[in-house]
Amino acid sequence: MRRASVVDAMLFGTVLLWALNITVTKYMFEHGWKPLAYGTIRYFAATSLFVIFTYRRERSFRIERRDFWLVLVAAGMIFVNQVCFVFALHLTHASTVALILGSTPVFIGLIALTLGLERLPWPFWVGAAITFGGVAAIAAASGSVGSGLAGTLLAIGLAFTWGCYTTAIAPLMRRYSPYRISAVVLAIGWVPLALVSIPQIGDQTFSFGWLVWLGFAYAVVGPLFLTNVLWFTSIDRVGPSRASLFANLQPFFSVFFALVLLSETLHPLEIAGGVLIFAGIALERFWRRPGPEAVEVGTSDVAAGRQA
């Protein structure tokens with residue numbers, strides 16, 4: 001049996017930081033932060049840190065002109081993704097968002113299929129059907145647990161837009177470092193987010209207690225800046241396949257943190273839906289024998305990390 005390594009600790013820590021972010025963000029909204037104001041200010045601070053780090057590392061943000069349209073598409077998806085993220089958590093339970101995020105690999109596969117980037121064998125379709133059955137169960141429960149159908153639909157949009165972003169950066173990851181791509185996409189994607197957030201920023205008050213400010217500092221440094229550094233460093237050392245094993249744990253830990261720290265409860269339909277989502281993804285991953293195209297798209301998914 002292979003012994004745990006420093007890289008394993010880095011990957012596990014990264015997943016925990018991502019998972020806790022969903023609960024922390026929900027806590028921010030429950031204690032005075034407006035969704036768009038929070039998203040914009042947090043993203044600006046974290047992007048600034050990551051841009052400075054990347055420039056010190058690479059000394060350049062140069063992207064060839066032929067690739068800039070893909071950068072714009074990826075940045076647009078990040079913008080929509082962040083809007084979905086903050087409003088989904090504002091309107092529904094953190095545990096509900098975490099469960100639905102587990103369906104992201106299925107959306108990535110369907111988008112890749114639609115664009116002709118991947119041929120999907122029968123295990124994918126079986127897994128996708130099971131996974132979407134789980135999503136439907138969670139949506140059906142949303143009307144009876146106070147989380148709201150709108151928030152559930154936005155959570156589905158969150159998973160879908162991350163799939164679009166992941167697919168858009170796949171060819172860019174072959175030509176540039178993940179640090180450079182992430183820094184450029186984060187910076188460009190922040191601009192429309194800032195523009196739509198102007199009304200909420202103007203109305204936002206900042207008389208928070210120390211615990212809220214501590215949570216905000218964590219949300220800036222942890223899941224957006226530190227995780228990118230740890231994730232890309234780990235992938236560079238062990239490759240995306242091993243990293244993906246850790247990434248699959250994120251929804252589980254996200255639900256755990258929401259239940260323990262926010263005292264949320266799960267409706268029986270949500271529990272059933274979560275089991276179906278994880279079962280569908282596990283079935284597809286276990287039975288599938290990816291070809292070159294599938295490996296390429298799957299690698300970009302892991303290499304992209306999470307930027308919620």
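Predicted model: local features only at pLDDT ≥ 70, side-chain atom pairs only at ≥ 80, totals over all residues.
Let's walk through it topic by topic.

**Overall build**
- The protein chain has 13 helices and zero strands.

**Burial and contacts**
- The protein chain has 308 residues, and 54% of them count as buried.
- Among contacts in the protein chain with a separation of 6 or more, 90% are between residues 24 or more positions apart.

**Aromatic rings**
- There are 24 aromatic pairs in this model.
- One of these pairs is F50 with Y179: the ring centres are 6.3 Å apart and the planes meet at 25°, so the pair counts as stacked, since stacking calls for planes under 30 degrees apart.
- F50 sits in helix α2 (residues 35–58), while Y179 sits in helix α8 (residues 178–203), so this pair ties together parts that are 129 residues apart in sequence.
- F50 is buried, because its relative accessible area is 0%, and buried means under 20%.
- Y179 is buried too, with a relative accessible area of 4%.
- Another place to look is one aromatic cluster, formed by F29, W33, Y38, F206, F208, W213 and F216.

Key
Residues numbered from 1 in each chain as written. Heavy atoms only, no water. Phe/Tyr/Trp six-rings, centres within 6.5 Å; stacked < 30°, edge-to-face > 60°. Helix = DSSP H or I, 4+ residues; strand = E, 2+ residues; numbered from the N terminus. Buried < 20%, exposed > 50% of the residue type's maximum accessible area, 1.4 Å probe, protein only. Contact = heavy atoms within 4.5 Å.
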